Amino acid sequence: MRIDVVTLFPEMFQGFLEGSLLGAAQAAGLVDIRLTNIRDFAQGPHRQVDDKPYGGGPGMLLMPGPVVECVESVLADAPPSLAASKPHVLMLTPAGRPLTQELVEELARHDRLVLLCGRYEGFDQRVTDTLKPEAISIGDYVLSGGEVAAMVVIEAVTRLIPGVLGDAASADDDSFSGVDRLVEGPQYTRPREFRGLRVPEVLLSGDHRRIADWRREQALSATQRRDRSPVGSDSDLP
Ligand code: 6GU
């Protein structure tokens, strides 16, 4: 898979991309991640990429010219192996579609992703009108830019690429995966007793049927606990 990141702050990705999982995946040729700086497509002596919103208001908007030209240049760079694949362009924005494991699985089916990171107060609308990206949000809270959100997308997607995780089966057992999308229940390793807390007897029993049943029950209750809305929400209404 090829992933292009279009950003004003490529240096934010350096340590992240060199880290163990992604570093190894890139070295093994399983994923090719490239960074392109929007400022390289800015004009004039000041290489301006942002400006005040028409109609007034706080903050600065990313201008359409440098952003669209940057993404178009990235799209034009198609190695022969990807010539037949249509790139999927994503825009990271709090106004986007919420990122879930289901969406991550959908993204992982593409051969080529382009992640467009915003900064400041957002993009000129004509970026969206021209590129028609899929807008994605990583949650209902505000970040200063899309870079951290892009890293979240990259990490979640790349670990689904066959061969990236050591054990091929382990992604299927993760929380939110599998048909019913349960979170994982508690797990234990040595010692058998820690500060008076014992490993549940069933896990030591060697009875694989009982262990599987127990784990499923634990996953069901962990999922129920997590989904139960906090006090003060609509679920408390009669
Ligand atoms: Cl994708 N971008 C920004 N700037 N803030 C966010 C976000 C994205 N997702 C949640 N908050």
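Predicted model: local features only at pLDDT ≥ 70, side-chain atom pairs only at ≥ 80, totals over all residues.
**Entry 1: strand 6**

I started with residues 112-117, which form strand 6. I looked up burial, where buried means under 20% relative accessible area. 6 of the 6 residues are buried, so strand 6 is largely enclosed by the rest of the structure.

Next I checked where the side chains point. In a regular strand they alternate between the two faces of the sheet. Here Arg112, Val114 and Leu116 point one way. Leu113, Leu115 and Cys117 point the other way.

**Entry 2: its partners**

Which strands pair with strand 6? I found strand 1, residues 2-7, joined to strand 6 by 5 bridges and running parallel. Ile3 stands opposite Leu113 there. Strand 5, residues 88-98, also pairs with strand 6 in the parallel sense, over 5 bridges. Leu92 stands opposite Cys117. I then followed the chain from strand 5 through helix 4, residues 101-108, to strand 6. This β-α-β crossover is right-handed.

**Entry 3: the ligand**

I listed the residues around the ligand; among them are Leu92, Thr93 and Pro94. Ser137, Ile138 and Tyr141 are also in the list.

Then I looked up distances to ligand nitrogen atoms. A polar side-chain atom of Ser137 lies 3.4 Å from one. For Ile138, a backbone N or O atom lies 3.1 Å from a ligand nitrogen. For Tyr141, a backbone N or O atom lies 2.6 Å from a ligand nitrogen.

How much of the ligand's accessible area does the protein cover? I noted 96% of the 290 Å² that the ligand has on its own. Strand 5 and strand 7 (134-137) each give two or more residues to the shell. The largest share, 3 residues, comes from strand 5. By class, I noted 7 nonpolar, 4 polar and no charged residues in the shell.

Note on methods. Residues numbered from 1 in each chain as written. Heavy atoms only, no water. Buried < 20%, exposed > 50% of the residue type's maximum accessible area, 1.4 Å probe, protein only. Helix = DSSP H or I, 4+ residues; strand = E, 2+ residues; numbered from the N terminus. Pairing = 2+ DSSP bridges. Right-handed = clockwise from strand over helix to strand, strands pointing away. Near = heavy atom within 4 Å. Polar contact = N/O pair within 3.5 Å; in protein donor to acceptor, adjacent residues only side chain to side chain. Areas by Shrake-Rupley, 256 points an atom, 1.4 Å probe, with all protein chains shown as cover. Nonpolar A, V, L, I, M, F, W, Y, C, P; charged D, E, K, R; others polar.
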